[in-house]
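Hi everyone, thanks for making time this morning.

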Amino acid sequence: MSGCDSQNKSATNEGTTAVENQSSDTKQDQKEVPVILFFGNSITAGYQLDVEDAFPALIQDRLDSLGYEFKVINAGLSGETTSGGLNRIEWVLQTIPDVFVLELGANDGLRGLDLDETKKNLLLIIDKVKEANPEVKILLVGMRVPPNLGKDYTTRFSAIFPAVASETGASLLPFILDGVAGNPELNLPDGIHPTVEGHQILAENVWRALRPILEEFQTL
C-alpha cells in the first residue's frame, strides 16, 4: 500500500498528529487523521504511471490544497479480481479506514467470470470493512465492460454496482472512466488504462462523489 500526501509520497501507515492543550499540564489524546483507503485494481494503482500521477494521489493533493485533514492510502493492485480482493482485504485492514473506496470488478468482467460470485465477493469485502469499522463511509466505484461479451452479460455486470450499493448503503460512483473510456488520447496504447491526463479526469469523477462523504466529517 502507498500513502499519498503533499509532503511524502512513500508508503506509510502513520497518520496522526499530536494536539497539545496549552491551558493545562496534561496533553490531549493524539488526534488521528481520518484515513481514506482506496482498494482496487490497476486503475487505482495507476498502471505504468508514477504513483503520484494516479488518481488517489491527486485526491490527496486536492485535500491538502483545501486544508482537509485526511490521509489517502492507495491499496490498488494490478490484475486484482474481486476474489483476489476478498483474499487480500484482511491484510489491508491492518490500516482501519474511515472512508473506504472500493474499485473492483473490472477484471472479473474482462475475464467473463461468474457475476454472481463477483457480487458476492463485493458484498463480503464490504462486510469485512464494516466489521473493522462499523462507522466507515463507503464509496463503491462502478465499471462497465466491452460489449463483445454479449448484451446479457454486460447488462448484468453493470447492474451489480447499484445493487451492491443499495444492499450495503454505500455511496455509488456509477462509472469511474466517464469521459476517459474510448478516448485514445486519454489511454495508454492498450486502450484500457488511463494516461496521466486520463487520471486527472478520474480524480475529478471520484472527487464529485467523494466530497459529500468527506463533508460529513467534523474535521472539514
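How many helices and how many strands are there in the protein? There are seven helices and eight strands. Please keep in mind that this is a predicted model. The protein has 220 residues, and 47% of them count as buried. If you take the contacts with a separation of 6 or more, residues 24 or more positions apart account for 74% of them.

Let's start with the aromatic rings. Searching the whole structure turns up five aromatic pairs. One of them is formed by Phe38 and Phe55, with 5.6 Å from centre to centre and 80 degrees between the planes, an edge-to-face arrangement. Where do these two sit? Phe38 belongs to strand 4, residues 35–40, and Phe55 to helix 2, residues 55–66, so this pair ties together parts that are 17 residues apart in sequence.

Another pair is Phe157 with Phe161. Their ring centres are 5.4 Å apart and the planes stand at 75 degrees; because an angle over 60 counts as edge-to-face, that is what we call this pair. Here both partners come from helix 6, residues 151–168, where they are four residues apart, about one helical turn. Phe157 is buried, with a relative accessible area of 0%, and Phe161 is buried with 1%.

His199 is placed in helix 7, which covers residues 196–214. With a relative accessibility of 1%, His199 counts as buried.

Ala54 is found in the loop between helix 1, residues 42–45, and helix 2. It is buried, with a relative accessible area of 0%. Leaving out residues up to four places away in sequence, Ala54 touches Thr44, Ala45, Gly46, Asn74 and His199. Thr44 is 10 residues from Ala54 along the chain, and their C-alpha atoms are separated by 6.8 Å.

Last stop: a pair of helices. Two packed helices are described by the angle between their axes and the distance between the axes. For helix 3, residues 82–92, and helix 5, residues 115–132, the axes come within 9 Å and cross at roughly 15 degrees. That makes the two helices roughly parallel, and their crossing is left-handed.

Which residues meet there? From helix 3 we have Thr82, Ser83, Gly85, Leu86, Ile89 and Glu90. Helix 5 brings Glu117, Thr118, Asn121, Leu122, Leu124, Ile125, Lys128 and Val129.

Notes:
Residues numbered from 1 in each chain as written. Predicted model: local features only at pLDDT ≥ 70, side-chain atom pairs only at ≥ 80, totals over all residues. Heavy atoms only, no water. Phe/Tyr/Trp six-rings, centres within 6.5 Å; stacked < 30°, edge-to-face > 60°. Buried < 20%, exposed > 50% of the residue type's maximum accessible area, 1.4 Å probe, protein only. Axes fitted to C-alpha atoms, helices over the stretch in contact; angles between N-to-C directions. Parallel < 35°, antiparallel > 145°, perpendicular 65-115°, else oblique. Left-handed = near helix turned anticlockwise from the far one by under 90°. Contact = heavy atoms within 4.5 Å.
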